[in-house]
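Subject: Structure handover

Hello,

Here is the structure I said I would pass on. Please look it over first; my notes on what was found follow below.

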Amino acid sequence: MKYDLATAEASISKLATSFGAITPYVQAVLGITLGPQPIGDGGSWDPLSGLGVQGALATAQQHCQTFQSNVGALGVFPTVLKAAATGNDGIVNQLSTVQGVLNDLDGKPASDAQKQTVIASLGNVHDMLNGLNKFLSIFPGPTATFVDEMSGDGEALTQGSSAIASALTSLEANYKQDVIKYSQGFGGDAIVKVLEQITVQMKAQLDAIQSNIATAISLGPQATESLSQLQGVFVGQTTEFNDTITAINEASASQLGSFIQSLDVERGITFWNDACAFAEAHFGGGTSL
């Protein structure tokens, strides 16, 4: 049995790093306020009115909202992994039961009860792995789609008439022009203060997107790659456990011990405990969307 802890930990680490870069970008895009904003006395002001960046941001927001809806649950991966591995009916306890049967056999032929205990425990392991695989299978497709969309959005937001840098310059010009217009009317001073607040907030929101987009785009492909690698680790184990269950079903009483030994149960227990600890340590901070 192959318990590939090195690949699992490398995948989890890359997954945490990539989503740790994507998440601030997504939050920044979703945090920006588009369209007219109230300025008092029933009036409103759109700081990005007439600027090409507004359409590009609206598209990026749509992409980020879909991504957050489809992939946000990945943030609970350490919890799902821990439940499958170390819960009351989890993989570690099931493997411990199998190890107990091996210890009891001590080279002797197995009884029917012992064989059925092993088959039941390994079946439970297989079910837990299937559940984990099903959970992970949710994310690769939407992630790959978003990575492609994010690349296109990044191009729109950093180049040409829809670039954020251009919008920041135009935003300042719009603000100064409208300050003159509103300051001459009734309640102008109060409105000008609101315009200033909106402008400062918009600049901060645009700066947040601009400062996070390049890193998010550069690490996006790593997110899809690491998801695929992590799935491969668990799918591989699922296949091997399934094959072993089939072999044990067909095994004679005297063969059961050798089949259990081929599972390398103690190393399996170490794998699952270490994988859970690694996921909690590396995937906990900054990855939830």
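Please keep in mind that the model is predicted.

Trp-272 is likewise counted as buried, because its relative accessibility is 0%. The rings of Phe-234 and Trp-272 form a stacked aromatic pair, with 5.5 Å from centre to centre and 20° between the planes. Phe-234 belongs to helix 8 and Trp-272 to helix 10, so this pair ties together parts that lie 38 residues apart in sequence. Ring pairs also join these two residues with Tyr-3 and Phe-271 in a cluster.

Leaving aside residues up to four places away in sequence, Trp-272 touches Leu-81, Ala-85, Ile-91, Val-92, Leu-95, Leu-129, Leu-132, Phe-234 and Gln-237.

Next, the aromatic pairs. The whole structure holds six of them. In one, the ring centres of Phe-135 and Phe-139 are 5.0 Å apart and the planes stand at 75°, so the pair is edge-to-face. Phe-135 is buried because its relative accessible area, 13%, is under 20%. Phe-139 is buried too, at 1%.

Last, helix 4. This helix runs over residues 91–105, 15 residues in total, and spans 21 Å from its first C-alpha to its last, close to the 21 Å expected at 1.5 Å a residue. Which of its residues are buried? They are Ile-91, Val-92, Gln-94, Leu-95, Val-98, Gln-99, Val-101, Leu-102 and Leu-105. The buried residues of helix 4 pack against helix 3 (77–86), helix 5 (112–136), helix 8, helix 9 (256–262) and helix 10 (265–282). After helix 4 comes Asp-106, which has a positive phi, near 50°.

Regards

Methods: Residues numbered from 1 in each chain as written. Predicted model: local features only at pLDDT ≥ 70, side-chain atom pairs only at ≥ 80, totals over all residues. Heavy atoms only, no water. Contact = heavy atoms within 4.5 Å. Helix = DSSP H or I, 4+ residues; strand = E, 2+ residues; numbered from the N terminus. Expected span 1.5 Å × (residues − 1). Buried < 20%, exposed > 50% of the residue type's maximum accessible area, 1.4 Å probe, protein only. Phe/Tyr/Trp six-rings, centres within 6.5 Å; stacked < 30°, edge-to-face > 60°.
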